[in-house]
Amino acid sequence: MIPARSFGGRRVALFGLGGSGIATAHALIEGGASVSAWDDNPESVLKAKAAGIETKDLRQADWSHFSSFVLSPGVPLTHPKPHWTVELARGAGVEVIGDIELFARERIARAPASPFIAITGTNGKSTTTALTAHIIQASGRDTQMGGNIGRAVMTLDPPKNDRHYVVECSSYQIDLAPSINPTAGILLNLTPDHLDRHGTMQHYASIKERLVAGSETAIIGIDDIYCAQIADRLEKAGKDVVRISKRLPLTDGYFADGTNLMEAKHGRFSRIAFLEGIGSLRGQHNAQNALAAVVACMKVGLDLGEIQSGLESFPGLAHRMEQVARRDHVLFINDSKATNADAAAPALSSFPRIYWIAGGLQKEGGIEPLRGFFSRIAKAYLIGEAAPAFSATLGEAVPYEISGTLAAAVEHAARDAALDDASEAVVLLSPACASFDQFKNFEIRGAAFKEAVGALERIKPIGGTR
């Protein structure tokens, strides 16, 4: 835990008593703050009471006594309208912040030289965060990873100057962290997302920009217009900006040339790392993730040998193009996290010969956006409620069967892939659907896939999968 000592002796209101909210309350209490916590869910309030946290209905509180209000990032700050607690706080002139802000203040107060890498973007931030932390940890350095991935940020070990922090930040968390100031801030990409909570794309982009605007070095993927404009704007303002691209050869910056990661200085190119043979980092999208991680690790002092070694030992993230097992020339991939068509596209673009398991609870638009990848699909195995709709989209373009269940789909796909004469055939679970018709969440769906694969004869698990 990181005791929030900068709030010692102060009265703090807190709303949102999920896992991170309770952790934040404990960090404040441990740091000497007097906390009044609340939640709209009575069960969460009872849980907090049982954990020794003082609870108080904030509707009845005297807000003039509070110096700060800590809000859960899952609670609306601005759109579609501010939560009632936000309106009360603003009416009383009380600052509204989140747990990332608490962390930022504690780091500056205790160990401002501690390397701090913060990662955001619409897509790829979890993989980039995990990869960056893995490279640093594999080099033997003290490494803490958390935020929007894994551990709540205030449950990490306290700051000290040789401790490295790698923190994933959602737009909601950035919106509540006005003092965020990473050593290296990464903005991977921007596409329309969470507009129900941010109102417009411009507002969403402006929130993401805050993370890199506050950083010593801003590492920005420039393959979309929003990020390219942010990079230009920050550079004009005098920021140290490093541009990365997964598809454009840059004059200055870092870019991917196939599986080679290249540095460009005044038009002169040199290879700094490579992804050839690293199965957990296949695909153009992972080239962008790796570029960002490499540049950030260089910024905090790692050499290229340490970085390459970390890339090669990266196991990947569970349920995101996770290499599960092999049987002869057949590779089994768990991409259960792909809960819509856009999320399934990276996996479908990464393999030339695919036996595709898809379906579940259909999202708007179905799989029509994936038509450009149909030529890569040897056969589709459709499961869940979306099977009839997906079969209509596939039509005569892709052979398919309606397997119904995931277990049946795995069995049939493995059988058919074994007969494929390609050098590598891939049985890919990338459902392009929510899981809720058959599974409680995508993690359980992914675990069921791995269990079904593990039950096949002569299967060889791939070491390092999670």
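# Around isoleucine 220

Colleague: Leaving aside its neighbours within four places in sequence, which residues is isoleucine 220 in contact with?

Modeller: Contact means heavy atoms within 4.5 Å. This is a predicted model, so to speak of local features we need pLDDT of at least 70, side-chain atom pairs count only at pLDDT 80 or more, and totals for chains, interfaces and linings use all residues. Residues are numbered from 1 along each chain as its sequence is written, and side-chain values use heavy atoms, with hydrogens and water left out. The partners of isoleucine 220 are Leu187, Val212, Cys227, Ile230, Ala231, Leu234, Val241, Val242, Arg243 and Ile244.

Colleague: Is alanine 218 buried or exposed?

Modeller: Alanine 218 is found in strand S9 (residues 217-221); helices (H or I, at least four residues) and strands (E, at least two) are DSSP runs, numbered from the N terminus. Buried means under 20% relative accessible area, exposed over 50% and partly exposed in between, with a 1.4 Å probe and protein chains only. Because its relative accessible area is 0%, alanine 218 is buried.

Colleague: Which strands stand at the edges of the open sheet of four strands?

Modeller: Two strands pair if DSSP finds at least two bridges between them. In this sheet the order is S2-S1-S3-S4, with parallel pairing. A strand with a single partner has one side left without a neighbour in the sheet, so the edge strands are S2 (34-38) and S4 (95-97).

Colleague: Over what arc do the buried residues of helix H2 lie?

Modeller: In H2 (residues 42-50), Ser44, Val45 and Ala48 are buried. The arc is that of the directions from the helix axis to the C-beta atoms. These three are on the same side of H2, because their arc is only 100°.

Colleague: And which residues are exposed on the other side of H2?

Modeller: The buried residues of H2 pack against helix H1 (19-30) and S2. On the other side of H2, the exposed residues are Pro42, Glu43, Leu46, Lys47 and Ala50.
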